[in-house]
Structures are given as C-alpha cells and as structure tokens.
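Dear colleague,

I am passing on the structure below, together with some notes on what turned up when I went through it. Please read the notes with the coordinates open beside you.

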Amino acid sequence: MENLFELLFKYRPLVFEQADFAFAAPISFRTWLGIAGLIAASAVATYTIARGKSTVTDRGVMAGLRVALLATLVFCLMQPALSLSTVVPQQNFVGVLMDDSRSMQLEGDDGTVRSSFYSEAFTPEESPLLQALSERFALRFFRFSDVARRVDGLEEMTFNGTHTNLANALDAARAELSGVPLSGLVMVTDGADTGERPLTEAIVPLQAAGVPVFTVGLGEESLEPDIELGRVELPRRVLQGSTLMVDVVVTQNGFRPGTAVPIIIEDDTRILTEETVELGADGEPVVARIGIELPEAGARRVRFSIPSQAGERVDRNNARNAWVDVVGEREKILYFEGEPRWEVKFMRRAVSGDENLQLVLLQRTAESKFLRLEVSDSTELEFGFPTTREELYRYRALVIGSVEASFFTHDQLQMIADFVSERGGGLLFLGGLSAFAEGGWAGTPVEEVMPVILGEPSRGEFGYFSEIEVMPTPAGYAHPAVQLDAEPLELQERWEALPPLTVVNPLTEVRPGATVLLNGDRTEGGPRQVVLAYQRYGRGVSIALTAQDTWLWQMHADVPLEDQSHESFWKQMLRWLVDGVPDPVVASSAEEEVEPGETVALTASVRDSTFIDVNDATVLARVTGPSGLTEEIPLEWTVEEDGAYAGSYRPTQQGDYEVEIVAMRQGAPLGSAITYLHSAPSDREFFGAARRTQLLQRIAEDTGGQYYTPETVSRLPEDITISGAGVTLTEELDLWDMPALFLLMLLLMGAEWGYRRIRGLV
Amino acid sequence: MTQQAPQLSPQADRSIFSDPRGPYLPPDELRRTAGRFPFYWTRAMYSGNGWRGGSWAVDFPKSDQQFLIVIKRLVRLNAYDWENPVGLWDPDLRRFPLIYMLEVGGMNLTEVEVEGLRSYMEAGGFVIVDDFWGPREWDIFMYNIRRVFPGKAIVDIDLDHPIYSAYYNIEEVVQVPAVNNVYQRTECYGCFPQVKGMYDDDGRLMMMINFNTDLGDAWEWAEDPRYPLDLSTYAYQMGANMIVYAMTH
C-alpha cells in the first residue's frame with residue numbers, strides 16, 4: 001500500500017507528514033487565483049455559447065470537467081513543493097540500543113533466535129541497513145538490559161542480561177549522547193520490559209530534547225503453546241499455624257481452554273500441597289486460590305510451579321518463588337468490652353489453644369471497674385483503656401465490643417482512629433446494645449473508620465432486635481477469615497447448617513470501598529443485614545461484625561458438640577485482624593530474587609513507638625550471606641518521603657541472604673526488622689517474553705519516531721534522515737511532476753471525451 | 001418418694017403492677033426473642049422430689065427476682081429483669097450459657113434431662129449448684145451427676161481460684177443458712193460449707209457446687225431485717241463473682 005502511495009505521489013507518506021507544503025512559483029497566490037478564474041470563466045463561456053444539440057446538463061458536466069482539468073494544470077504551474085528538513089550527512093549521531101537480555105535467546109517459529117537479527121542487520125560486511133545508516137550518520141552502539149552501556153561491536157553482546165529496563169536504557173543513551181547533535185535513537189528489542197520504572201519518566205526528557213526514538217520489534221507477539229505462572233500473591237509474613245491463602249495467576253496461549261494442569265507448591269524440604277487449575281481462554285488469566293499451611297516458624301522460600309506441558313514453547317516461565325516469614329510470636333490483641341457478655345467467654349475459649357494469639361481482655365464490670373485477663377503484668381491496663389498512643393500501639397489489633405462512644409474521651413476516640421490509619425493496626429467492631437449507632441458512635445472520629453454506614457439509632461422499648469441467617473457473599477467464599485476450616489466444596493453446606501444469630505444494630509449499607517464477606521437474611525424479611533464487612537483505612541484494616549452472639553455457633557442445640565465452626569471462625573478472624581500489621585521498623589528489598597552480582601535496593605520505613613515517621617535515625621542493614629559472613633550497609637534517609645531509608649546491596653554468592661535492618665536514634669534502639677533475599681540465576685526474562693508491539697509503538701509515537709519490524713526496517717535510514725532532529729538543512733521537493741497529477745489530467749480529459757461519445761456530441 | 005415432673009405456677013398479670021423493673025415477657029415471647037438481653041438469670045428445671053412443682057422451684061421466683069434487682073446494681077450487667085426457668089430437657093436451654101440449679105438433694109433426673117445437662121456442659125454451659133446439705137443430699141446429687149458424667153472428678157475450689165477474685169475479693173468461704181436457720185446458721189450439724197467444682201477435659205470450670213450452704217435464701221431474704229446482712233452481702237458477692245467468672249472463662 002505504501003509502495004503504491006509512493007508510486008502515485010512520488011514520496012512516502014512519512015515525507016508528507018514531516019514536510020511543510022508550499023508553492024514555489026514566483027507569482028503570488030492571488031495572481032494565480034485570478035488567472036485560474038479567467039481561464040475557468042472562458043472555459044464556461046465556451047461551453048455556454050457553443051450550444052449545438054447539447055442540453056444544459058451536458059454543458060454543465062463538460063464545463064465542469066474542463067474547469068477541473070484547467071485547475072489541475074494551474075496547480076502544476078504553481079509548482080507545488082514540500083519543504084523538508086533533512087539531516088546533514090555525517091554531521092549527526094544516531095544511537096543504536098540493542099537488547100542484551102536473556103529473552104533474546106528465545107527461538108521463533110522458524111527456529112531462529114531473536115538475537116540473530118543483530119548479526120544480520122549490524123554486521124559491517126553484509127548489512128545494507130548498517131551501510132545506509134553509516135553513510136548518513138555517526139553511529140554509537142549500546143547494549144542494554146537493566147542499564148545501557150556503550151559497545152564497539154556485536155562481539156560484546158552476551159544476551160545474558162537478567163532484566164529488560166527500557167526506561168533506564170533510554171535514559172542512559174540520551175545522557176551519553178547529550179553533547180552531540182542527535183538525530184535519533186534506534187531501540188532494537190522485544191519490548192519485554194521487566195523494569196519497575198514508568199516509561200514516561202524516560203520519554204518526557206526525550207520529548208523535551210526533540211530526540212525521536214525508532215523502535216524495532218523482535219520476536220513473536222504470542223508464544224504458542226505456552227503456560228505462564230504469571231504472578232503469585234500472598235502475605236509475606238504470617239502467624240504460625242495460619243492457613244495461608246495464595247492467589248496464583250496462570251495464563252496460557254495455544255492450549256485448549258479448560259485443560260487441567262497441576263500447581264505444585266513446595267518449600268525446600270517437602271511438597272506442601274498440589275492443586276489443579278483449569279486453564280482459561282487464550283491470553284486470559286485465571287486465578288487459582290490455594291490454601292497452604294506452614295506449621296513451623298521461620299522464613300522459607302516457597303516455590304509454585306506448573307510442570308512443563310507437552311509441546312510448550314517456554315517452560316522457564318512455569319515457576320515462581322516467594323519468601324514467607326512464618327512468625328512464631330504471640331500477637332497481642334486488646335479486646336475491650338463494655339459489659340459482661342457471652343461473646344467474651346466463648347471468643348476466649350475459641351482462641352485459648354492458639355499459642356500465637358494473646359487476647360488481652362479489658363472488661364468493664366461496673367462504672368470505673370475493670371476485669372483484666374491475659375495481661376502480661378500487673379501494670380498493664382491498670383487504669384483502664386489506654387490513654388496514650390504508646391500504650392495503645394503496643395497492641396497489634398483492637399476489638400471493641402458493646403461499649404458506648406461516650407465512655408471514651410475525644411482524644412481516645414481519635415487515638416482509636418489513628419490506631420488503624422497511622423499505626424496500621426486491625427480494628428474489629430462487634431455488634432451489641434452499645435455498639436455502632438446505638439452506642440452513639442455516629443459523628444465521632446471513629447465513625448469513618450467503620451466499614452458500615454451508621455443510620456439513626458433504633459428506638460423503642462427494647463430497641464431493634466432481629467434474628468438473621470448468615471451466609472457468605474461471593475467475596476466471603478474466597479476470603480480466609482470465613483472458611484471455617486472447611487473443604488471448599490463443603491463450605492456452603494457448613495454455613496447453611498449454622499444456627500441463626502441475632503442483631504440489635506440494623507446495618508444494611510457499607511462505605512464505598514468496603515467489602516462485605518457475610519450477609520444476614522432476617523427471618524422476618526426486610527433489607528439484608530451486613531454481618532461482616534471490612535475496609536482498608538490508612539495503613540490498617542477495620543472490620544465490622546454486627547452480630548452480637550456468635551457464641552450460638554458453639555452453644556446452640558442444633559450445633560453438634562464436635563463441630564469446630566465457632567473455634568475456627570474466631571481463630572481465623574483474629575489472625576486476619578493481626579495479619580500484616582506493621583512493626584515500627586519495616587524492611588523490604590526491591591526484589592526477593594537477584595542474580596549474583598546484581599544490585600538490589602534495600603528500603604526501610606522507620607517510625608518510633610507512637611508510629612511517627614523518624615527522619616534522623618541511624619539505619620543499618622546487616623546482611624548475612626550463605627557463608628555466614630555479615631556485612632553492614634548503611635541506609636540513608638531518602639528525603640522524598642518521611643521515615644523512608646534506602647541503600648543497596650550486591651550479593652556475590654548464590655544462596656540465601658538474611659537482611660536485618662536495625663534503626664537507632666541517639667543511641668536508643670527504635671526497632672529492627674528482617675527481610676530475605678535469594679541469589680541465583682534468574683528466569684525473570686522468560687516471563688511476558690512475547691513481543692510487546694503496542695509498547696514499542698507508543699515509545700515511537702510519543703517521541704516522533706517510527707516503529708518497525710525486521711521486515712520493514714530497511715526504511716529506517718531514510719526516515720531518520722527526514723526526522724528533523726539534529727543538524728539539518730531545508731530541502732524542497734517538487735510535487736508538480738507527481739504521477740498522480742498526470743493521471744488526474746488524463747482522467748479528466750478522458751472523462752469529457754467519453755461523455756461526449758455517450759451523449760452523441762462528438 | 002416418687003419422681004415428680006417439674007411444674008410452673010400460674011403467672012400473675014404483671015402488667016397491672018407499677019414496677020421499676022423492665023418489661024416482663026411471657027415465656028413464649030421470651031424464648032422467641034432470646035438474645036434481646038445479654039444476660040438471663042436462668043434457673044434449671046429438673047425432675048425431682050419436693051413440693052410446689054419440685055425441688056428445683058425452691059425460693060422461686062422471689063429469689064431470682066431479688067437477686068437480679070441487687071446484682072444489676074452491683075455489676076454492670078445488662079440482664080433481663082425477671083426469672084427464666086428452663087428445663088434440662090429443653091433444647092432452648094443452650095441459649096442460656098449459665099444456669100442456676102438448687103436443692104439438688106431432691107434431684108431425680110430423667111434420661112432426657114441427663115443427656116440435656118451433659119450436652120449443655122460439654123457445649124460450654126456453666127452450672128451453679130446451690131442449697132443442698134449433708135451426706136444424704138450429697139449422695140443423691142452425686143448419684144445424678146454420675147449419670148451425667150460417670151468419670152469426672154469433683155474437686156475443691158480453693159481460695160486461690162480466680163473465681164474468688166473475679167469481681168469481689170473473697171477471702172473466706174462462709175456458710176449461708178436458710179432464712180429459718182439464721183440462728184443456728186446451718187441446716188445440719190457438723191456440715192461445713194464447701195465449694196467444689198467439675199472441670200472439662202481442657203481444665204475449664206463448668207460446674208460450681210455450693211454445698212452445705214444456701215446462697216439462694218440469702219439473696220431471697222436480703223431485705224428481711226432478721227436475715228444477717230453479712231451473710232447476704234457474702235452471698236451477693238459470690239453471685240457477682242460466679243456470674244463475671246462464668247461470662248469470661
């Protein structure tokens with residue numbers, strides 16, 4: 001199509017896009033317009049005067065055709081031309097960026113590897129592309145994976161890079177060539193970017209500098225047949241004995257949808273579980289939710305893998321690893337109850353055997369009289385509910401039972417809200433006569449923390465009371481907190497078998513962004529009660545459990561004595577409540593798996609005991625490698641964010657690394673945290689390794705360049721020439737001799753003659 | 001004596017009284033709306049010997065009503081203001097996790113009641129036993145309780161047990177006599193007060209046995225000038241402790 005265009009219009013469409021249109025004749029446009037008018041008038045007059053046997057229509061048609069022919073002729077006489085900026089030969093530079101990552105080793109359908117393009121295109125003796133570029137530009141070659149480096153020849157390419165970071169590569173090449181007239185960058189890659197940085201960060205400076213990027217896409221847009229274990233989502237820190245719910249995202253191309261494949265989950269010593277997942281349609285990810293149990297405390301690497309399937313093109317994208325820190329500590333939860341209630345007894349019984357939960361009870365038994373149970377020492381909570389942040393923030397989670405809001409001071413209410421938003425703690429509200437709207441919580445600082453919307457408090461002699469049948473919502477069926485330790489297929493049956501509960505707080509709506517896990521159908525009908533809902537609030541999570549007597553799931557005569565639903569429910573609820581609650585110091589690494597010799601960013605967020613960000617801490621990362629040697633890496637405050645510290649580490653050996661981050665202020669410890677690294681050859685490059693045409697097109701379009709495939713790349717030298725970047729001169733390209741104009745005139749003449757023949761006017 | 005099924009006396013129309021207490025719910029309504037109140041002082045009805053419907057009904061309902069009036073002033077207990085008798089055979093018993101059972105020296109449980117009491121306690125229900133005296137009544141009680149839990153030990157609850165400090169600090173177990181025996185302060189000579197208990201397999205107290213003492217009479221006659229104030233005070237302290245403990249452990 002483009003060739004036909006060039007045949008008719010003399011130049012390629014890109015030339016028309018880049019150039020400005022002008023008339024080169026030395027007479028003004030108005031004069032030409034006048035001449036054209038005269039000619040047209042005489043032509044019309046000729047046809048009007050010489051009538052013969054023609055009709056008015058005949059004369060109109062013929063006059064029109066003649067005027068069009070004369071207009072075309074006048075257009076040509078005006079010498080139309082394109083004014084185009086072209087680079088001055090050998091005065092400009094072009095940077096050629098060549099992808100040196102491992103995905104270049106992938107073979108195409110025809111058995112040729114992606115990297116073979118380089119030897120075809122950039123070998124001096126053989127390549128017309130290289131010759132054409134060299135004739136016009138001074139070329140600078142770069143190889144890139146995570147960063148770009150200058151190379152002198154193809155022999156320096158290794159195709160062993162573990163990342164493809166397009167943004168870093170563009171930045172580095174632009175910086176390197178910033179001092180020379182640059183006509184453009186040529187990026188030859190599959191576009192399978194594995195970098196974390198947004199590409200925009202690299203494109204904007206290129207736009208500002210007027211440097212077009214010409215992208216050449218290698219490889220196939222779809223690798224078939226192939227299964228990819230795309231992503232694994234799981235909490236990085238869990239309490240010992242918890243069931244870990246893992247989402248494994250699996251995508252396939254080229255296999256039959258519905259094909260069942262196994263997912264094997266194992267740690268260093270044993271297979272933890274094996275589940276089957278049915279593949280989705282081509283390119284559509286399916287999420288397998290798998291529960292695994294990690295009974296022993298300690299950090300471990302968990303591997304998720306799908307065995308290689310028959311005929312699979314790439315099997316190095318079938319496995320993922322993730323670190324999980326199984327914590328054997330006792331997590332402290334404060335349960336504040338405003339009056340003696342049976343929920344207290346049965347909740348405590350349910351979790352009494354859980355060695356990882358310390359449910360500290362503070363129960364108001366009379367005005368200003370409190371019962372304390374499970375406290376660590378005699379001073380804990382001796383004056384009732386905490387009055388300082390330091391005291392409250394010792395707990396990882398807070399349960400508020402049936403207690404009216406007016407019990408608390410305004411500061412305490414604000415502290416409760418901050419407990420969730422700033423400390424990142426879990427907060428659970430229980431239903432009861434003095435809970436929610438009935439307890440006067442509307443209008444307090446805590447109200448907006450609640451995931452449910454409070455209405456008017458119910459009135460009347462007894463207030464509101466209703467019996468409800470509780471069932472999970474679709475979101476609930478997938479949530480670990482309401483699994484009751486049941487097999488997935490038995491879960492619905494288990495919930496249906498549980499006796500109804502009662503509510504005294506009518507709550508039917510949740511806040512935007514909140515998720516409902518349990519609903520309740522009232523036995524007398526009416527709107528559905530929200531029984532269990534949660535929302536993220538700041539750094540923490542807040543949960544509302546609006547029923548007042550879950551103990552019925554233990555005591556009710558319809559519940560068999562051996563039934564453990566109540567115990568399971570509360571264990572899972574309270575474990576969920578403390579799940580992911582941060583310590584004052586939080587450590588993380590940019591990646592959990594790196595190659596030996598690769599640099600990994602270490603970050604820490606540091607807060608004091610009241611969870612206020614600390615910017616003047618001394619933060620050290622103590623990295624203990626596989627050999628047992630410990631190195632100390634200082635982390636510096638990033639300045640960009642309060643309490644954020646960063647540093648980097650380069651592991652040199654293969655194996656596991658423990659990174660303990662220790663924060664001090666003025667000699668006093670603020671806290672410490674541990675994260676883990678694994679250093680080994682990486683398969684990262686084989687995930688999402690198909691050519692990303694859209695991404696490469698976007699880079700080209702956003703910078704004023706062009707996108708090519710190996711089949712169309714021969715046009716590249718000429719396109720850079722007319723890109724207008726670098727040292728240029730203006731060239732005028734005549735258009736009057738375009739074949740299209742000649743054809744148009746022939747067509748108009750022929751049309752008039754043909755009309756005359758048809759109408760018998762010859 | 002022959003086994004006698006428990007019976008309830010006809011109820012008075014309480015709506016005609018001007019009573020500071022909360023509304024009284026007819027038994028059917030009370031059952032239907034069980035849970036409306038966080039706490040119901042529940043008296044266990046059981047088969048046995050005695051007058052006025054059986055030994056379960058001794059001091060009923062005045063003792064229960066009086067107990068609720070006072071206990072609600074002492075403890076922040078959101079309780080239903082009226083008595084709540086429920087049979088051991090009744091599945092609804094499991095909606096009330098604490099039951100009060102007295103005069104068990106006249107107890108003669110049916111098989112259904114044995115099964116009901118066993119499942120109640122195994123599910124987590126807490127039983128307060130009171131007002132039985134001497135070896136004969138102890139044996140009768142033990143005979144019945146062995147039918148419920150043949151192998152479970154009944155042990156002393158010593159003063160270092162947290163139940164004695166759950167609300168009030170109680171430093172001595174006191175013998176509380178019936179209203180007619182306030183002068184001799186006992187119902188049988190040589191009987192000294194004992195507090196015993198039965199624990200479940202996980203070591204949780206599920207039955208508290210007040211033997212050779214009559215807390216119920218002290219609750220019932222606390223307003224009577226003839227009844228010693230120190231004894232009724234002690235009885236209410238024990239009542240508060242037993243309730244707070246049962247509702248938290």
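In this predicted model, the side chain of Ser127(A) comes to 2.9 Å from the backbone nitrogen of Leu130(A). Ser127(A) sits in the loop that runs between α5 (116-122) and α6 (128-136) of chain A, and its relative accessible area is 1%, so Ser127(A) counts as buried. Setting aside residues up to four places away in sequence, Ser127(A) touches Glu120(A), Ala121(A) and Phe122(A).

Beyond its neighbours within four places in sequence, Val727(A) is in contact with several residues, among them Thr86(A), Val87(A) and Pro181(A).

As for the interface, 37 residues of chain A are in contact with 35 residues of chain B, and the two chains bury about 3300 Å² between them, 58% of it on carbon and sulfur atoms. Trp342(A), Phe462(A) and Met555(A) supply 23% of the area that chain A buries against chain B, which is more than any other three residues.

There are three salt bridges between chain A and chain B, and in a salt bridge the side chains of Arg95(B) and Glu467(A) meet at 3.9 Å, N to O. Polar contacts across this interface join 12 residue pairs, with both residues at pLDDT 80 or more. On the side of chain A that touches chain B, the largest share, six residues, comes from α9(A), and the residues of that side divide into 17 nonpolar, nine polar and 11 charged.

With best regards

Notes: Residues numbered from 1 in each chain as written. Chains lettered and ligands numbered in written order. Predicted model: local features only at pLDDT ≥ 70, side-chain atom pairs only at ≥ 80, totals over all residues. Heavy atoms only, no water. Helix = DSSP H or I, 4+ residues; strand = E, 2+ residues; numbered from the N terminus. Buried < 20%, exposed > 50% of the residue type's maximum accessible area, 1.4 Å probe, protein only. Polar contact = N/O pair within 3.5 Å; in protein donor to acceptor, adjacent residues only side chain to side chain. Contact = heavy atoms within 4.5 Å. Buried area = accessible area lost by both parts, 1.4 Å probe. Salt bridge = Lys/Arg side-chain N within 4 Å of Asp/Glu carboxyl O. Nonpolar A, V, L, I, M, F, W, Y, C, P; charged D, E, K, R; others polar.
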